[in-house]
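Here is my note for your first look at this model. Please keep the sequence and the 3D view open while you read.

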Amino acid sequence: MTTPIKGFSKLTKNEKIDWIANNFTPDPKATKRILKTYWNTDSELQKLHDEFIENTITNYYLPFGIAPNFLINGRLYAIPMAIEESSVVAAASRAAKFWLDRGGFKTEVIGTEKIGQVHFIYHGDPQKLQKFFLQVKPKLRADTASITGNMEKRGGGIVDIELRDKTTLIDGYHQLHCTFETLDAMGANFINSCLEQFAKTFKEEAPYFSDFTEREKNIEIVMGILSNYVPNCLVKAEVSCPVEELNVSNSISAEAFATKMIQAINIANVEPHRAVTHNKGIMNGIDAVVLATGNDFRAIEAGIHAYAAKDGRYISLTHAEIKDGIFRFWIEVPLALGTVGGLTSLHPLSKMALEILQKPSAKDLMQIVAVAGLAQNFAAVSSLVTTGIQEGHMKMHLLNILNQLGATQEEKKELIQHFKRHTASHSAVVDAFEALRNGK
Ligand code: MEV
């Protein structure tokens, strides 16, 4: 067993690699070689990546692909996606093409409100706290002037600060519930800086409020932090067409397909096991674009799943209906995204992804990302209710398996042809590969 290490972060990159390879891997030489294979030969670019996080030893690649032909509000987009799952980009492209011929996607930003809270404990008279809050509120804003100046010049800033009494939940628990407009920035640093200043001012001013008793003056700040639950930072995307135009496959009528799509959504709305997988498919599209554009996919994931459960039950994020012969399929999701600041301009590929998307505002990006989620769900559910997903999935996965088996280019070519005529499963691919290798 290795002993704990002190001062790991102070080691050079090579020393870190030596330590990890020598202590934790079966073949240290191979480990060192592989880790270094992924270093960028451009030392400046490598340095940039090294400095994104602490203790970087190499880069971790994900494929960066393009799903073309997305018509969104009459404008054509090619959507960059960073994702490892083999069928996602192909599925998005298929859905984009399908809806391109049927009027494309229509989207609308419903709101852009971001939220942050200062959580604190106050034991005392609620009316006195309310009076203190109203008195100190202008100072809360004034003390953040150096943080908010630039944002206000551009039309954003602090929207409101509210005092919320949560004492029925936890003894003494109150909040400053704050709302923000952060325009094209995701705004995490801006919001957190404001909240920490609110907390400081609030705590420091309390002892000067003469109505408070000594006990009441002692406001205990627990923390100030933004919330990734942003139900009012909301976007809607939809597609629609006459039912008879839903000719997705020769094996099912347009009417039967429309009905099955609605049944699939109904099932996700009553069965959480299905809803989670249904929404996971949506996140395949959403995360891939969020990641490609340098946004925080963990924040987006957390916020979206909370939204899916906002009425006390975890349900589908997409909806479908047939009305007057028109099939309508839509999504409503909270998306707090940025197109300036953070990684968006720092990571050369995120910057390029935003260029490919024609330099969107944060509102534009919300709409594009929602469309990617809707398209992905349409592709997944339409496969599920017709052929099943394995046929397409295994075709896409075929190359991964062949690479794992060490197939040559010639062998890959031949086996890809073979599996155009045969059903691909892991064992069928292994068998066919071995037969080919052994000249059977
Ligand atoms: C796989 O990554 C995603 C799906 O399971 C989504 C779904 O079931 O709707 C195909």
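1. **Ground rules.** This is a predicted model, where local features need pLDDT of at least 70, side-chain atom pairs count only at pLDDT 80 or more, and totals for chains, interfaces and linings use all residues. Residues are numbered from 1 along each chain as its sequence is written, and side-chain values use heavy atoms, with hydrogens and water left out.

2. **The ligand's surroundings.** Which residues surround the ligand? They are Glu85, Arg274, Thr277, His278, Lys280, Gly281, Asn284, Ala380, Leu384 and Ile389. H10 gives the largest share, six residues. Helices here are DSSP runs (H or I, at least four residues), as are strands (E, at least two), numbered from the N terminus.

3. Look for oxygen atoms of the ligand. One lies 2.8 Å from a polar side-chain atom of arginine 274. Lysine 280 has a side-chain N or O atom 2.7 Å from a ligand oxygen. For asparagine 284, the corresponding distance is 2.9 Å. The protein covers 86% of the 300 Å² of accessible area that the ligand has on its own. (Polar contact: a pair of N or O atoms within 3.5 Å; within protein, one must be able to donate a hydrogen and the other to accept it, and residues adjacent in sequence count only if both atoms are side-chain atoms. Accessible area: Shrake-Rupley method, 1.4 Å probe; for residues, only the protein chains shown count as cover.)

4. The ligand sits in the second largest pocket. A pocket is an open set of points on a 1 Å grid over the protein atoms alone, with protein on both sides within 12 Å along at least five of seven lines.

5. (Buried: under 20%; exposed: over 50%; partly exposed: in between; 1.4 Å probe, protein chains only.)

6. **Positive phi.** Asparagine 55 is not a glycine, yet its phi is positive, about 60 degrees. Its place is the loop between helix H3 (43–50) and strand S1 (64–72). Asparagine 55 is partly exposed, at 28%. Leucine 183, also not a glycine, has a positive phi of about 55 degrees. Find leucine 183 in the loop between strand S6 (173–181) and helix H7 (188–205). Leucine 183 is partly exposed, at 26%.

7. **Glutamine 46.** This residue belongs to helix H3. Is glutamine 46 buried or exposed? Buried, at 5% relative accessibility. Its side chain reaches the backbone nitrogen of asparagine 40 at 2.7 Å.

8. **Arginine 215.** Look in helix H8 (residues 214–217). Arginine 215 is exposed, at 58%. From arginine 215 to asparagine 232 is 17 residues in sequence and 37 Å in space, C-alpha to C-alpha.

Conventions
A residue is near a molecule or strand if one of its heavy atoms lies within 4 Å of it. On a 1 Å grid over the protein atoms alone, a cavity is a set of points where a 1.4 Å probe fits but cannot get out, and a pocket is an open set with protein on both sides within 12 Å along at least five of seven lines; lining residues have an atom within 4 Å of a point. A molecule sits in a cavity or pocket if more than half of its atoms lie within 2 Å of its grid points.
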